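Subject: Structure for your review

Dear colleague,

Please find the structure below, with its sequence.

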Amino acid sequence: MRHAQVNRNTLETRINLKVNLDGSGKAVLATGVPFLDHMLDQVARHGMIDLEVSAEGDLHIDAHHTVEDIGITFGQAFTQAVGTKSGLRRYGHSYVPLDEALSRVVIDLSGRPGMEFNVEFVRARIGEFDVDLISEFFRGFVNHAMVTLHIDNLSGANAHHQAETIFKAFGRALRMAVEADPRAAGAIPSTKGTL
Ligand SMILES: [Mn+2]
């Protein structure tokens, strides 16, 4: 089982996160940000990973620190859980539609943080949730998971749908990238011999 637990405490947030990359899609989420819980539930379900997140953040200011720091903590736990990446597929991609919305997410467990985020949300807020925080979440993840992540929203007329297709496609791309490649015979998937 590839799993990890990270506790991350700052003056802004206290986060406890557990991830199991070989899970069954079970999520236990109490981030204090209901829309983020809804999105992380998609990552777990469609990524077939088990995810437990509890957070106490400075929500009296806004959700910024909490969302960003959960991305960071998830990235740290992911790095631990994925280990040397030997025998893995390394690359993952997915297209996910939801009615009129369509997003594509492509991931490379490259060992180098990099993000291309091409998303124009049709609204600034989804309920109480500020859509700017979605890129903050992924940037936090990318910087600590040390992955290359391309996120493109290709269509959408509803911001909730746009967000949901992004998180679902992210989960599915992640699942593909961390899957064992039965033909790789445990080799590191790089001609450099390291990732
Ligand atoms: Mn929804």
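Two strands are taken to pair if DSSP finds at least two bridges between them. Helices (H or I, at least four residues) and strands (E, at least two) are DSSP runs, numbered from the N terminus. The model is a predicted one: local features need pLDDT of at least 70, side-chain atom pairs count only at pLDDT 80 or more, and totals for chains, interfaces and linings use all residues. Residues are numbered from 1 along each chain as its sequence is written, and side-chain values use heavy atoms, with hydrogens and water left out.

N20 is found in strand β2. N20 counts as buried because its relative accessibility is 12%, where buried means under 20% relative accessible area, exposed over 50%, and partly exposed in between (1.4 Å probe, protein chains only). A polar atom of the N20 side chain lies 2.9 Å from the backbone nitrogen of D22. Residues up to four places away in sequence not counted, N20 touches M1, R2, H3, I49 and D50.

Strand β5 (residues 91-98) pairs with strand β6 (residues 101-108) in the antiparallel sense, over eight bridges. The two form a hairpin with two residues between them, and D99 in the turn has a positive phi of about 50 degrees. V106 in β6 is the bridge partner of H93. Strand β6 also pairs with β10 in the antiparallel sense, over seven bridges, and D108 stands opposite T148 in β10.

S103 lies in strand β6 and is buried, with a relative accessible area of 0%. The side chains of S103 and N153 are joined by a polar contact of 3.1 Å. A polar contact is a pair of N or O atoms within 3.5 Å; within protein, one must be able to donate a hydrogen and the other to accept it, and residues adjacent in sequence count only if both atoms are side-chain atoms. Leaving aside neighbours within four places in sequence, the contacts of S103 include S94, Y95, D152, Q162 and A169.

L109 is found in the loop between β6 and β7 and is buried, with a relative accessible area of 1%. L109 and T148 are 39 residues apart in sequence, and their C-alpha atoms are 6.6 Å apart in space.

The 14 residues of α1 should span 20 Å at 1.5 Å a residue, and its end C-alpha atoms are 20 Å apart, which agrees; the expected span is 1.5 Å times one less than the number of residues. Among the buried residues of α1 are F35, L36, L40 and V43. Just after α1, M48 takes a positive phi of about 50 degrees.

M146 follows α3 and has a positive phi, near 55 degrees.

The nonpolar core

The largest nonpolar core has 56 residues, and those with the most contacts inside it are V19, F74, F78, F138 and F170. The largest share of this core, 10 residues, comes from α4. A nonpolar core is a set of buried Ala, Val, Leu, Ile, Met, Phe, Trp, Tyr and Cys residues joined through side-chain atoms within 4.5 Å. Neighbours within four places in sequence aside, F170 is in contact with V43, F74, V105, I107, F138, F141 and L149.

Yours sincerely

Notes
Contact means heavy atoms within 4.5 Å.
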